[in-house]
Amino acid sequence: MKHNQIPDSHLDLLEDKTRAYAYLATVMKDNTPQVTPVWFNTDGEFILINSAQGRVKDKNMRARPQVALAIQDPKNPYRYLQIRGEVISFSTEGGRDHINELSLKYRGDPKYDGPQAEIRITYRIQPS
């Protein structure tokens, strides 16, 4: 991923092999912050995250698409990348495939073990 807001020195934190977690900050209805650790990957242009329909972060990102992410280096807790951006799209199409892809990245298991009845959604975040 190459973006003018992401320094070359921290691009490695976005690579699948790093397996860094992202801490996603969204805004609640009352304008207070809400933070959740999430799995993520990138398509080379956007940060991609996945959630189940109806969760707090899902509701927040639909209503207020401005988000922030802190991505911490798993080997050095004092090294991190902060990204502010906007959810520019979200879709249920391919959502189950995406969570399986993230499960492979983070757990080494190509099948997500969460409830199969969940409706999974992939969100595309444009760094700003």
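This is a predicted model: local features need pLDDT of at least 70, side-chain atom pairs count only at pLDDT 80 or more; totals for chains, interfaces and linings use all residues.
Before you start: local features need pLDDT of at least 70, side-chain atom pairs count only at pLDDT 80 or more, and totals for chains, interfaces and linings use all residues. Residues are numbered from 1 along each chain as its sequence is written, and side-chain values use heavy atoms, with hydrogens and water left out.

**Exercise 1.** Find the order of the strands in the sheet and its edge strands.

*Solution.* Strands are DSSP runs of E, at least two residues, and helices are runs of H or I, at least four, numbered from the N terminus. Two strands pair if DSSP finds at least two bridges between them. Step one: reading across the open sheet gives β2-β1-β5-β6-β7-β4-β3, with antiparallel pairing. Step two: β2 (33-38) and β3 (40-42) each pair on one side only, which makes them the edges.

**Exercise 2.** Follow β1 and its partners.

*Solution.* Start with β2: 6 bridges link this strand to β1 (residues 22-27). Here Ala 22 faces Val 38, and Tyr 23 faces Pro 37. Next comes β5, joined to β1 by 4 bridges, where Ala 25 stands opposite Ala 68.

**Exercise 3.** Which strands does helix α2 touch?

*Solution.* Take contact as heavy atoms within 4.5 Å. Helix α2 (residues 95-107) packs on the sheet and touches β3, β4 and β7.

Note on methods:
Axes are lines fitted to C-alpha atoms, for helices over the stretch in contact, and angles run from 0 to 180 degrees between N-to-C directions.
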